[in-house]
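Here are my notes on the structure, point by point. Please keep the 3D view open while you read.

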Amino acid sequence: MSELNESIKQVIEGEDVALFMKGTPQMVMCGNSLRALEALRRVGAPVTTVDVLPDPAIRQELSAVSGWPTIPQVFVRGELIGGADIVEELEQSGELERTLAARLGPGYRESRDEKTLSVV
Amino acid sequence: MATEPLRALLAQAFPDAGELDVLDRTGTGDHFQVTVASARFDGLPLVEQHRLVYEALATPLADGTIHELRIKTRGPG
């Protein structure tokens, strides 16, 4: 198993909310990544972002791990929630908030801090 | 790519679809919005519903024909 594959899995399984995106929260490089990030911010999710752009291999490995072909990808405690459309839809219906409260505990907003990790 | 081949792939995967719409969002043949209403989605979480759409469009997604895909799924009702 490759080192990259291992670090991607570590992020997915180790972070409360992981967002694999194009760019960083400071410089978002894709409209869909921005949509996912903003939906997560609206519910106060403690987001850990990973930029997939530094190396095309990140995207390939990530899709191999998740079975999801597009970016962004959002995981909560190791489980794939979906891409931008799903995260927006779940946020609008209130389900995203319920999922976060159920998985991370009702006080999940208190730990609200955005961080960025690198997998390469 | 025109919208018609994508529509055909979706119609094949969702023969029961009550609503099946493919929109070229940017007019450039690579950014699409698809809407599918099908009984195949019944009882499935959104992530699994979208997976079924990705499976139906696996070829144009893999070869880069589809640069961006927005998906809206719902049950048949």
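1. Two residues are in contact if their C-beta atoms, placed from the backbone, lie within 7 Å. With that in hand, take Leu40(A). Leaving aside its neighbours within four places in sequence, Leu40(A) touches Val17(A), Leu19(A), Ala45(A), Val47(A) and Val87(A) by this criterion.

2. On confidence: this is a predicted model. Its scores are ipTM 0.91 and pTM 0.94. Chain B has a mean pLDDT of 95. In that chain, 100% of the residues reach 70 or more.

3. The largest nonpolar core holds 34 residues. Leu40(A) is listed with those that have the most contacts inside this core, alongside Ala18(A), Leu19(A), Phe20(A), Ala36(A) and Val87(A). Several elements of chain A give two or more residues to the core, among them helix H1 (3-14), helix H2 (31-42) and strand S4 (47-51). Helix H3 (56-66), helix H4 (84-93) and helix H5 (95-104) of chain A are also on that list. Which strand gives the most to this core? S1(A) does, with five residues.

4. There is a second, separate core, of twelve residues. Val22(B), Phe32(B), Val36(B) and Ile71(B) are included in it.

5. Now the sheet of chain A. Five strands make an open sheet, ordered S6-S5-S1-S4-S7, with mixed pairing. Which strands are at the edges? They are strand S6 (79-82) and strand S7 (115-117) of chain A, and each pairs on one side only. On average, neighbouring strands of the sheet are turned by 30° against each other, direction ignored.

6. Look at one pairing in detail. Strand S1 (residues 17-21) and strand S5 (residues 73-76), both of chain A, pair in the antiparallel sense over four bridges. Leu19(A) has Val74(A) in S5(A) as its bridge partner.

7. Last, the interface. Ten residues of chain B are in contact with ten residues of chain A. On the chain B side, helix H2 (46-56) and strand S3 (68-74) are the elements that give two or more residues. S3(B) gives the most, with five residues. What is the make-up of the side of chain B that touches chain A? Its residues are six nonpolar, one polar and three charged.

Notes:
Residues are numbered from 1 along each chain as its sequence is written. Chains are lettered from A and ligands numbered from 1 in the order in which they are written. This is a predicted model: local features need pLDDT of at least 70, side-chain atom pairs count only at pLDDT 80 or more; totals for chains, interfaces and linings use all residues. Two strands pair if DSSP finds at least two bridges between them. Axes are lines fitted to C-alpha atoms, for helices over the stretch in contact, and angles run from 0 to 180 degrees between N-to-C directions. Ala, Val, Leu, Ile, Met, Phe, Trp, Tyr, Cys and Pro count as nonpolar, Asp, Glu, Lys and Arg as charged, and the others, Gly among them, as polar. A nonpolar core is a set of buried Ala, Val, Leu, Ile, Met, Phe, Trp, Tyr and Cys residues joined through C-beta atoms within 7 Å. A residue is buried if 20 or more other C-beta atoms lie within 10 Å of its own, exposed if 12 or fewer, and partly exposed in between; C-beta atoms are placed from the backbone. pLDDT is the predictor's confidence in each residue, from 0 to 100.
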